[in-house]
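Colleague: I would like to learn how to read a structure feature by feature, starting from the general idea each time. Could we go through one together?

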Amino acid sequence: YRDLHTFELQAPTRLIEWARGSRVCVAGYGQSDGNEILQLIPPPTLLTKETQGLCPERDFKVECGGFSKRPVYSLKYVPDTSLLVTSGPPDSSLQVWQVSAEDSDVIKFVSTIATENGTGQSWAKIATISARAPWVLHGSRLDRVEITEVESRKNVYTAASGGSEELSGLAFLDCNTLLLCCATGRLCLADVRQPQSLMEAVSVPSASRSEQWCMGTRHGAQGLEPSSQPVARLSSWGLLTLTDLRKTSESLASAKARVPSSGSGAEFLCVSWAPALEGCLAISGFDGTVHVYDTQSWDSSGKEAEPIFVHKGHAFGGAGGSGDPPLVTVHTWHLQKPKTLLSAASDGSLHVWDWVQPCGKC
Amino acid sequence: MPEIKVTPLGAGQDVGRSCILVSIAGKNVMLDCGMHMGYNDDRRFPDFSYITQNGRLTDFLDCVIISHFHLDHCGALPYFSEMVGYDGPIYMTHPTKAICPILLEDYRKITVDKKGETNFFTSQMIKDCMKKVVAVHLHQTVQVDEELEIKAYYAGHVLGAAMFQIKVGCESVVYTGDYNMTPDRHLGAAWIDKCRPDLLISESTYATTIRDSKRCRERDFLKKVHETVERGGKVLIPVFALGRAQELCILLETFWERMNLKAPIYFSTGLTEKANHYYKLFITWTNQKIRKTFVQRNMFEFKHIKAFDRAFADNPGPMVVFATPGMLHAGQSLQIFRKWAGNEKNMVIMPGYCVQGTVGHKILSGQRKLEMEGRQILEVKMQVEYMSFSAHADAKGIMQLIRQAEPRNVLLVHGEAKKMEFLKQKIEQEFHVSCYMPANGETTTILTNPCIPVDISLGLLKRETAIGPLPDAKKPKLMHGTLLMKDNSFRLVSPEQALKELGLAEHQLRFTCRVHIQDPRKEHETVLRVYNHLKGVLKDYSVQHLPDGSITVESILIQATAHSEDQGTKVLLVSWTYQDEELGSYLTSLLKKGLPQST
């Protein structure tokens, strides 16, 4: 490591979102009410490019917080506004909140975006964009995907039904194109301007042994076509496939991550591309570690790949021995510092780490 | 409703000087008397004119309590007691009493000698002030006077820091001072019992912080020291000699042992020896682990850390030196600094806050060319690092303390109002208590609902419980009796028993009122008129015309006689007992209106 900072949150989080001004947001997902949404200001050491050693200000500061009655499973800021949207069980409705850090340090609940609640619906996955207006794309199942205007709560778009599979993620590729990922691994593309058609992009990769899949898209550098960035998919058995959306008939590359294949569930599966390192991605959710891989050396064979770095910190943290070992719930890359990541685990720990590539593999 | 009033004179909503005035059940207590370290003028002292415009402070205040020896909690004490004027008792723990004067004197030296200030307390004033101090032990109930008692609880944070419970009758306030809920290497965590005070006053400086783990800070500190020593440099750590110094010693000692390092570590003599001496004396104040090892091996006697000699500073090769004073403003640490500053292989690690004007403060602000005595310029090439190991409670810690003490109300000091709204809501939601955040000079009034225990006589209890619904633990029951207050005991007895005990006889009170009525007829005719009138009006009451010519309304008696001088006027005598007061007054006013013409 070049640097490692460990923090302890009062309650574990399963999301880490970046906000304007280098703020970081976390939220509790406990079953009882009284979950807190916290917008944090990272310590100055993490904001500057150079690492400082013993800076006086080494702590995260809670800039503002809110109280949520339901567990918060997903949170997204609505760009260009002071609003954020959350979702969580027991249903697929969304909650809209207002952040006004200058006036008070309370994040206020504003409104609910209700959805049709069928049976067996879980919580909604969300994505936001503010191209034409502040929109939130949400849905818990493939046949219940819609875009709602955040402030007016009006429905702007409803996707055509392509099946009733549960969704594991969704994203805006640009202001018109949506990418939907099902838990089965199926990827679908949709165009906002053509609500009736839903284009299947990639079907389920081979050997679906009741695996669950999640995806990671890359927000590429300015000017690049979003759909030229490969989409990564991670399965609960550790299989990683990369797909170019322009050539969906075959996958670009695939590999098997060296993770325990106990399949401890897909609850916290997370895969993300490094914003500043070409071809690097990170995965987590199998145990108390976060793996970083360089995909540039991959081919389509699907053989096992060696991670270029493994963060094991969460497995050693906290009170030793009692209860289950902590499971990493989420990780995210620092937007400016190329090799810095933030990760959180089920024991409430929050780590910020800056890894160094071991010698010999530069 | 009885109230508790709290006015922060400093540390309402700013960090700097703590000084809080509490009024509880007629007693006035001042909590802490701190100095604001950022100001150079009168703003550094709390505004004592809030307390009383005229009149002596000694008469107004019942006592002053100091929580710990940090200057932002005791720095203004000599000014307050000797220059403003206070002769009453000042309470603090034993370690605080031992350490306070040393820090105050140190501070006085910097301010007066270095900065040349004149409006400042003198050494003699510090001595005179300390003479007024009464030292207390942990968990010892101290009677300030007949009604006011205080008790100190362990607060962690620094050696001797305490949280105080102030109690008058059954109203109480707990003041936390600065505290820490996680134990560290040489101090335990704060602890309080479920004392259920009416009000808990807690500091909230670090409430909005999510702290970097101690392991990381320590690891970074050791890394820096190690790197410097490995490249042959010298590390200077200026310390106050009391407080964090011991913690860092233990840390380095353990690290040196584990890594089998050979570079010497020195601890400068003089004041620091005295400090270690203090620590050994006050071993009960440190945490369990140290106390246990003290039996086998004195944790404050180090294997790798030796006493420093001035000459060593010139020795070649790597070394680590702990030297006093902490802000590099004078003495040994400054001497060593001057010798080592020119070499970039060396490092100085500042462990805490430095007062403006000191060398420590200057180099931390980035100054690299310093003017020394004799107009010599010192170029600072050595690395300057800052590290803060100060232990304060974060939001989680505050919630823990509230959970332990179970107060009915919470008051937060030491933070900014805007940034405490979230914490306030958090506390209110979780514990269903009110949370207050006054600004400096703002008085917060908290209503209390004291329970006064009273002994009730068995006879009365039996009688009262026989009437009405069965006793229910959830519903308060209203009982009637006579309250006897004798000495300090309260007893509730039946009125008869009270009379007997006091040797008094029961008196019956009877009222008689004369109402004049114009009526020329005979008395018995008037009586009849009155009777018929009352019977008609008072339908729900028993109105009777007795054979002897009098009328009764319930137990009220009405008789008519002729006026002695005027035959045309009849005098009605209305007589009732105290118990019938209401009806009696009503009857009287009714009769005064006169009789209707018809009868």
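Modeller: We can begin with contact, which means heavy atoms within 4.5 Å. In chain A, residues 24 or more positions apart account for 51% of the contacts with a separation of 6 or more. Please keep in mind that this is a predicted model, in which local features need pLDDT of at least 70 and side-chain atom pairs count only at pLDDT 80 or more, while totals for chains, interfaces and linings use all residues. Residues are numbered from 1 along each chain as its sequence is written, chains are lettered from A and ligands numbered from 1 in the order in which they are written, and side-chain values use heavy atoms, with hydrogens and water left out.

Colleague: How many helices and strands are there in chain A?

Modeller: Helices (H or I, at least four residues) and strands (E, at least two) are DSSP runs, numbered from the N terminus. By that reading, chain A has 2 helices and 28 strands.

Colleague: What share of the residues in chain A is buried?

Modeller: A residue is called buried under 20% relative accessible area, exposed over 50%, and partly exposed in between, with a 1.4 Å probe and protein chains only. Of the 362 residues in chain A, 57% are buried. One example is Thr241(A), which lies in strand 20 (residues 239–243) of chain A and is buried, with a relative accessible area of 6%. Leaving aside neighbours within four places in sequence, Thr241(A) is in contact with Trp213(A), Val231(A), Ala232(A), Arg233(A), Ala253(A) and Ser254(A).

Colleague: Which residues have the most contacts inside the largest nonpolar core?

Modeller: A nonpolar core is a set of buried Ala, Val, Leu, Ile, Met, Phe, Trp, Tyr and Cys residues joined through side-chain atoms within 4.5 Å. The largest one here has 91 residues, and those with the most contacts inside it are Met30(B), Phe80(B), Ile201(B) and Ile427(B). Helix 12 (residues 395–405) of chain B gives the most to this core, with 6 residues. Apart from this core lies another, of 26 residues, among them Val235(B), Ile237(B), Leu252(B) and Met347(B).

Colleague: Which residues of helix 12 of chain B are buried, and what covers them?

Modeller: An α-helix has 3.6 residues a turn, so residues three or four places apart point the same way. In helix 12 of chain B, the buried residues are Ala395(B), Gly397(B), Ile398(B), Met399(B), Leu401(B), Ile402(B) and Ala405(B). Their cover includes strand 9 (162–168), strand 11 (199–203), strand 21 (409–413) and helix 13 of chain B. After helix 12 of chain B comes Glu406(B), whose phi is positive, near 55°.

Colleague: At what angle do helix 12 and helix 13 of chain B pack?

Modeller: Axes are lines fitted to C-alpha atoms, for helices over the stretch in contact, and angles run from 0 to 180 degrees between N-to-C directions. Helix 12 of chain B and helix 13 (residues 421–431) of chain B pack at about 35°, with their axes 11 Å apart. Where they meet, Ala395(B), Ile398(B), Met399(B), Ile402(B) and Arg403(B) of helix 12 of chain B face Leu423(B), Lys426(B), Ile427(B), Glu430(B) and Phe431(B) of helix 13 of chain B.

Colleague: How many salt bridges does the structure hold?

Modeller: A salt bridge is a side-chain nitrogen of Lys or Arg within 4 Å of a carboxyl oxygen of Asp or Glu. The structure holds 29 of them over all chains. In one, Asp91(A) pairs with Arg70(A), the closest N and O atoms being 2.9 Å apart. This pair links distant parts of the chain, 21 residues apart; Asp91(A) is buried at 19% relative accessible area, and Arg70(A) is buried at 18%.
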